[in-house]
Amino acid sequence: MISDTEKNGPRTLGKVRTHPTQNEALLFEKSSPGKRAYKLPPLDVPAVNSAKLLGAAHRTTPGLLPELSEIEIIRHFTRLSTWNYAIDLGMYPLGSCTMKYNPRVNEFVARIEGLAEAHPYRPESLSQGALEIIDLLRRCLLEITGMDAITLQPAAGAHGEFTGILLTRAWHESQGNPRRKILIPDSAHGTNPATAAIVGYAVENLKSNADGGIDLDALTRQVDEETAALMLTNPSTLGVFESQIHRIADILHAKGALLYMDGANMNALVGKVRPGDFGVDVMHLNLHKTFSTPHGGGGPGSGPVACKAFLEPFLPTPVLVQNQDGALRWDYDRPQSVGRVRAFYGNTGMFIRALAYILANGPDGLRQTTEDAVLNANYIRKKLEDVYELPYQTASMHEVVFSDKRQAARGVKTGDIAKRLIDYGFHPYTVSFPLIVHGALMIEPTESESREELDLFIDAMRSIAREAEENPDLVKSAPHSTRVSRLDEVQAARKPILRWRP
Amino acid sequence: MRYLPKSDEERRQMLAEIGAATIDDLFSSIPAEYRLARDLAVPRQQAESEIVAYFRAAGQKNATDYASFLGAGAYLHYRPVIIDALVQRGEFLTSYTPYQAEITQGTLQAIFEFQTMIAELTGMDVANASMYDGSTGAAEAAMMAVRVTGRHKAVVASTVHPEYREVLATYAKHKGLTTALAGYDQETGRVDLKALAAAVSAETAAVLVQSPNFFGIIEDIPAIAAIAHANGALLIVSIAEAVSLGIVRPPVEADIVAMEAQSFGVALCYGGPFCGVIAAKEQFVRQMPGRLAGQTVDGAGNRGFVLTLATREQHIRREKATSNICTNQALVALMATIFMAVYGKEGMRELAEHNLAKADYAAKTLGSQPGAKLRFKDTSLGGAPRFHEFVLQTEEAPAVWSRRLLENKIVGGVELSRWYPELGNCTLWCATEVVTREQIETAAKVLAGVEVEA
C-alpha cells in the first residue's frame, strides 16, 4: 500500500499535515560507560564500607541501567513524547473515558512545596493544610453526588468499585447474610464483573431491553434475596439516562438489594441531577474523568466512593474527622470498617487537582460544563446519523454510540474507521464497546471541544464513510501517516518480549 | 467559564442545528422530579490567582521548614528537576492508556524501558507497567500466588509494613485466602526463621516478607526462600524502599517481587500518587495482574511496542480476569523511569551508598545519646544489616522528646507502638541522602535534652 505521503508529498488531510518525527533507540542502546546525568553533593558524614556493613546482603553486580548525560535523557523522552497523541494536541473522542482538558493550574498547585513534600506520617498538627484540602474536596463531592458519606482512599475507578462492593458486602453481612450474587447489565464495563468476582460474588448477567436500558421485567425476575446489588452505569455506556431509575431502585430495595452506580459517566450529570436523589446507595467517581486530573498515559487516577448514611460505618480506615476545636484528624477507631484498601490516605495529588478544577468552575461552571458535554455529543449525533447507523434511537447525553453496520457491508469495520481517523488528526473513538452494539463506535467529545474542532471531526468521519464506499482498502489498511503502521499483536502475545536484553 | 471553548451564540446555533429549543431539552430523559433546580452549594467560580492563593495558604499550614526523619514506606529523596520538566509535556501528561499503539509509541517505549529497568534492579525476568502502590501490589501478588499454586494460605512476616498487611487482609478476606503471621527475632529484628518454618506447610501458597523490612533491616532472603520452596510455596518479596536496590543484593530467589517505586523521583504528596510494581519470574507472567508492554514489529518490519497479553485483563476476561485493575500509575512510572535513567548504573549505587552512610551515622549518633539505644543489634555486634532506617528505643516517652524536637523544627521518628504494642518507647527513624549531618547532630542534642542555640 502506497501512502498518501509517498504518492503526493506532504499534504493536508483533515486538520493535519505529516512532518518528520525523530528516531530514538532504547535508553539501553544509547548508553556508554562513564557518562553521567547526576552529581551528588559531597558526603558530610563518614563514608561506610558497604560490603562490610551489608555482608551477604551486599549487591555485587549492579542492575544494567543505562549510562547517559542529561541532554540525552531530555532528548530521549522529548522525542518519545512526539510519538504520542494527547488532549493537548486535539480532540480525544474516547467514549466512557471523558478525555477533557487537564488545566495547567492543577499541575501548578499540586507541586506547591508544602503539599508536594508532605510526608503522610507527619504529625496531624503539621498537616492541617493537606487535611483541609481533603475535607473541602470531600464536601464538594458529597454535594455534587447528593450522598451522605465518602472515602477518598481508592486509587482508581476499579479500586473504587472494589471498595463500594466491599461496603455492600459488609452491610449485607451486618444484616445476617452477605448474599451470593451481583447483577451486571450486558452493557457494563469489564471492571464491574471483575470487581464483583474479587469480592467473592457470583456475576449474573442482566440483558438490556430493546432501548439498550435496564429491562424492568428481567430485573424483577432476577432480583431475589441472594442479590447483593445491581452495578449500574448511569447514563449507560450507550450514553442514555435510565429514565426508570427510581423504579430500578425500588425493585432492588424491595428485595433488600442495593443500587451501586458506576460513576464513569458522571460528566453527563454534574450540576443537573444527583445520584443520591434518584436512589443510588453507593457509587464511585473517577477524578481522572469527570474532575479533569490527567490520564498520564494510563494513570494515576483516583476513585472516591460516596454512599448513603447506612453504609458509613463500613468505610475504609482511616476516616477524616473534625475535633471540637476545628482541627482535622484521622480516625482509626472504626470497628465495622471493611479495612484498608491501600496504604496511607489515597492519591492526595489527584485530590488537589480535582479541587482546583471544582474551584475554577464553581456551581455555574460545573453546570455549563455538563451542558456543553451533552450539547457536543448531540451535535455529533445530528451531523453523523445519516451516514452511520444509530442502533438505539433513545436520547443521547454525553456520548453517542453508532455501529459500523453500513460500512461493514463493504468490509470496513469499526476498528478500521478508528485507525483511519488517526490520518485525519484525531484519536480514535472507543472501538467495539459496549458489547451490546455489534461493531460499536462510541464517541464522547466532552465539553472541551470548540465548534471548529467538532466540525473537523464530523468532516473526517463523513469523509471516511465516503472512503469506505469508494476505496475500502484505503480505510482497512489505515493508518498511513504514523511512524509505525499496524503492529503485529499476535506475535507480541505469542512470543512475549517484555524487556530489553543486551 | 475559561475552560469552555464556546460563546453563547455558538451554543444557540448548535442547539438550533440539533433541533432543540433549549439546552434542557437535551436533559428531558431525566425525570423532572430529580432535576436539580438550584446551584450546587460549592465555592463560587474562582480566578486562577485565587486558586493559587488558596493552595499556597494550605501549603503554608503544612509547615515546610522542618527537618524530617520520617520514612516507614514513604521516602524523601532528591528529585532531579528534569523529571517534572518531562512529565509535564502534554504529550505524556494528557495522553490516554496506549491502546492505539500507532499514536502512543512514546508512552509504550517508555513503559518497556520501565519494565526492563525494574526487572534489572529486582533480579526478576519481567515487570508490569505498574500497580496502584506498594500495598495493593503486595496484596495482588498474594492473589497471584493463589492462582499459580491453587493453594489458599499465606504466611506473612510481621515485619511487613503494617498498612500493607491491612490491605492484604482486605483483599484476602473474600477470596478465601487465610493468612498466618510470622513474628520477628527479638535480637536482630529479622523474621524469625523458626517461626516461619513452623508456619509454612504444603498448603501454603505464598510467603510474604518485606526487605528491607519495616524496621529497615534486610531479611535473609536465601534462607526464607529455602523454607518457602521446600514446601512448594512461592516467595513474595515486598520492597518499600526502591533505592535500596542500588546497594542491597536483589531478591533473586523470590518468585514475585512487589515493589513501591515512590523513592524513584516521586513526590511524597501526603501519601500518593505512588507507584506499585509487580515483577516476577517469567513462568508466572500469564498470572500477573496489570498492563504489560511488549515488543513487536509493524507491517514494514519497524520495531514497535504494544500492550500485550491482554487476555489476563478485565476488559477482555471480565469476571475471569487476573485482577479488576484498569487505570494504573503510568505517569508516576514515567517519573521513576526518568529517575532511573538519570542515576543510571553507577548513580544508583552511589545514591544508595549515601543513604547507607547517612543512616549509619544517624543510628550511631542518636543511639549513643544517654537514655537512647538501638533496639536491634548492630552488625558490629552480630546483628543483621540495615539500609537507611533504624529503630531507636528511649527511656523517655517519644511523646515527650518529640515535642522538644518539634520546637526545634525537627520531626523525629514514627512511634512503633501504634502497630507493635510490644515496642514501647521505640521509634522508626530514616535518614536518606537529603538529611544533613547538622540535622542529625541537632536532633541528637535535642533528644538528649541539651539546649540548642537558635
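Reply: Let's begin with the contacts inside chain B of this predicted model. Chain B has 454 residues, and buried ones make up 61% of them. You can find 13 helices and 15 strands in chain B, and its C-alpha trace spans about 85 × 60 × 50 Å along the principal axes.

Now for a close look at two helix pairs. Start with helix H6 (residues 134-149) of chain B and helix H7 (residues 162-173) of chain B, whose axes come within 8 Å and cross at roughly 45°. Because of that angle, H6(B) is oblique to H7(B). The crossing of H6(B) past H7(B) is right-handed. From H6(B), the contact uses Gly134(B), Ser135(B), Thr136(B), Ala138(B), Ala139(B), Ala142(B) and Met143(B). H7(B) brings Glu163(B), Tyr164(B), Val167(B), Leu168(B), Tyr171(B) and Ala172(B). Sorted by class, the residues of this contact between H6(B) and H7(B) are 9 nonpolar, 3 polar and 1 charged.

The other pair is helix H11 (residues 330-367) of chain B with helix H13 (residues 437-447) of chain B. Here the axes are 9 Å apart and the packing angle is about 20°, so H11(B) is roughly parallel to H13(B). H11(B) also passes H13(B) in a right-handed crossing. Look for Tyr361(B), Ala362(B), Thr365(B) and Leu366(B) in H11(B), which meet Arg437(B), Ile440(B), Glu441(B), Ala443(B), Ala444(B) and Leu447(B) in H13(B). The contact of H11(B) with H13(B) has 7 nonpolar residues, 1 polar and 2 charged.

Next, let's see how the chains meet. In chain A, 170 residues are in contact with 167 residues of chain B. Helix H12 (residues 348-384) of chain A gives the largest share of chain A's side, with 23 residues. That side of chain A, where it touches chain B, holds 92 nonpolar, 46 polar and 32 charged residues.

Chain A has its own domains: domain 1 (1-83), domain 2 (104-115 + 124-358) and domain 3 (368-493). The centres of domain 2 of chain A and domain 3 of chain A, taken over C-alpha atoms, are 30 Å apart. Contact between them involves 18 residues of domain 2 of chain A and 19 residues of domain 3 of chain A. On the domain 2 side of chain A, you can count 7 nonpolar, 8 polar and 3 charged residues.

One last stop is helix H14 (residues 414-423) of chain A, which is mostly covered, with 9 of its 10 residues buried. Among the buried residues of H14(A) are Ile417(A), Ala418(A), Leu421(A) and Ile422(A), and also Asp416(A), Lys419(A) and Arg420(A). The buried residues of H14(A) pack against several elements of chain A, including strand S1 (12-13), strand S14 (440-443) and helix H15 (451-470). After H14(A) comes Gly425(A), with a positive phi near 95°.

Key:
Residues are numbered from 1 along each chain as its sequence is written. Chains are lettered from A and ligands numbered from 1 in the order in which they are written. This is a predicted model: local features need pLDDT of at least 70, side-chain atom pairs count only at pLDDT 80 or more; totals for chains, interfaces and linings use all residues. Domain bounds come from an automatic or database domain assignment. Two residues are in contact if their C-beta atoms, placed from the backbone, lie within 7 Å. Ala, Val, Leu, Ile, Met, Phe, Trp, Tyr, Cys and Pro count as nonpolar, Asp, Glu, Lys and Arg as charged, and the others, Gly among them, as polar. A residue is buried if 20 or more other C-beta atoms lie within 10 Å of its own, exposed if 12 or fewer, and partly exposed in between; C-beta atoms are placed from the backbone. Helices (H or I, at least four residues) and strands (E, at least two) are DSSP runs, numbered from the N terminus. Axes are lines fitted to C-alpha atoms, for helices over the stretch in contact, and angles run from 0 to 180 degrees between N-to-C directions. Angles under 35 degrees count as roughly parallel, over 145 as roughly antiparallel, 65 to 115 as roughly perpendicular and the rest as oblique. A crossing is left-handed if the near helix is turned anticlockwise from the far one by less than a right angle, and right-handed if clockwise.
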